[in-house]
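I opened the model today and kept notes on what I looked up. The entries follow in the order I made them.

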Amino acid sequence: MQWIIFMLLLFISSMEMLMQNRWKKQASTGLLENCTGCVLCSEDNGCITCHHRLFLLIWRDGIRQYGMCVHTCPPGYFGVRGLEVNRCTKCRSPSCESCFSRDFCMKCKDKFYLHKGQCFRQCPPSTAAQPGTRECQETCMPGPWSQWSACSHEGRTCGCKWGVETRVREVLGAAQEEGAACPALLETRRCRMRKHCPGEKTEPKNKGKKRQKKPKTEPHVGT
């Protein structure tokens, strides 16, 4: 009876050792997978420091945080290089897809528009969304139109049947962003000119034509 109990305890002990070895092997494999590129790695928190030129990306899962070494920071983060460790720092705005610094966005997520490093649901006043991009560009605020100029053709204001007259308007405000989208600042239209200039002698319509003499009629002599 004691022999049977001894064998049963030995069997249970061997099974526990087998399970522990299997768990340790799985934990070691998972640790190596999560510690790629790490200089120092924790079984519970992943990477703590990374190899040179890699960035340490840390994210949270509830109360726990995990680290991973990456070559490029994912969307919503930007890379900051330091003396001890390079880190991926999260952009402050949740609507920012990529940023240059914590508060300066370079590209916004869908349904948002970029303007001066910030993301907006709609472009601010005096700006307009550019075709094909999700960026807001400054628009010009033009002043009133001037009066139409005199009708002219090649510098002359008379002596031709048709000419062109123009009008212009200026942009209000001196500080306009370079490359701002402006509406038309000059307009032209066709106009009728005076065909003859003042003081110009006009030739009579019948000048140059020889006056036709009426044929003489001879008196009829009766027979």
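Which residues form a nonpolar patch on the surface? I found V39, L40 and I48, with about 270 Å² of accessible area together. For the patch I took residues with over 30% relative accessible area and no salt bridge, joining nonpolar side chains (Val, Leu, Ile, Met, Phe, Trp, Tyr) within 5 Å and like charges within 9 Å. A salt bridge here is a side-chain nitrogen of Lys or Arg within 4 Å of a carboxyl oxygen of Asp or Glu. Areas are from the Shrake-Rupley method with a 1.4 Å probe, and for residues only the protein chains shown count as cover.

Notes on the source. This is a predicted model, in which local features need pLDDT of at least 70 and side-chain atom pairs count only at pLDDT 80 or more, while totals for chains, interfaces and linings use all residues. Residues are numbered from 1 along each chain as its sequence is written, and side-chain values use heavy atoms, with hydrogens and water left out.

I placed V39 in strand 1, residues 38–42. Strands (E, at least two residues) and helices (H or I, at least four) are DSSP runs numbered from the N terminus. V39 counts as exposed because its relative accessibility is 54%; the classes are buried under 20% relative accessible area, exposed over 50%, and partly exposed in between (1.4 Å probe, protein chains only).

Entry on disulfides. I searched the whole structure and got nine, taking a disulfide as a pair of cysteine sulfur atoms within 2.5 Å. One of them joins C50 to C69, S to S 2.0 Å. The pair links distant parts of the chain, with C50 in strand 2 (residues 46–50) and C69 in strand 4 (residues 64–70), 19 residues apart. The torsion about their S-S bond is about -95°, so I logged the link as left-handed. C50 is buried at 13% relative accessible area, and C69 is buried at 11%.

I then looked at C91 and C99, whose sulfur atoms are 2.0 Å apart in a disulfide. This link is left-handed, with -90° about the S-S bond, and both C91 and C99 are buried.

Is the link of C96 and C105 left-handed or right-handed? I noted it as right-handed, with 100° about the S-S bond. The sulfur atoms of C96 and C105 are 2.2 Å apart, and both residues are buried. By contrast, C160 is in no disulfide, and the nearest cysteine sulfur, that of C151, is 8.7 Å away. C160 is partly exposed, at 23% relative accessible area.

Entry on cores. I defined a nonpolar core as a set of buried Ala, Val, Leu, Ile, Met, Phe, Trp, Tyr and Cys residues joined through side-chain atoms within 4.5 Å. The largest has nine residues: F78, C91, C96, C99, C105, C108, F112, L114 and C119. Strand 7 (96–101) and strand 8 (104–108) are the elements that give two or more residues to this core. Apart from it I found another core of eight residues, including C35, C38, C69 and V85.

What does C99 touch, not counting residues up to four places away in sequence? I listed Y77, F78, C91, F104, C105 and M106, with contact meaning heavy atoms within 4.5 Å.

Totals. I counted one helix and 14 strands in the protein chain. Buried residues make up 22% of its 223 residues. The accessible surface of the chain comes to about 18500 Å², and 56% of that belongs to carbon and sulfur atoms.
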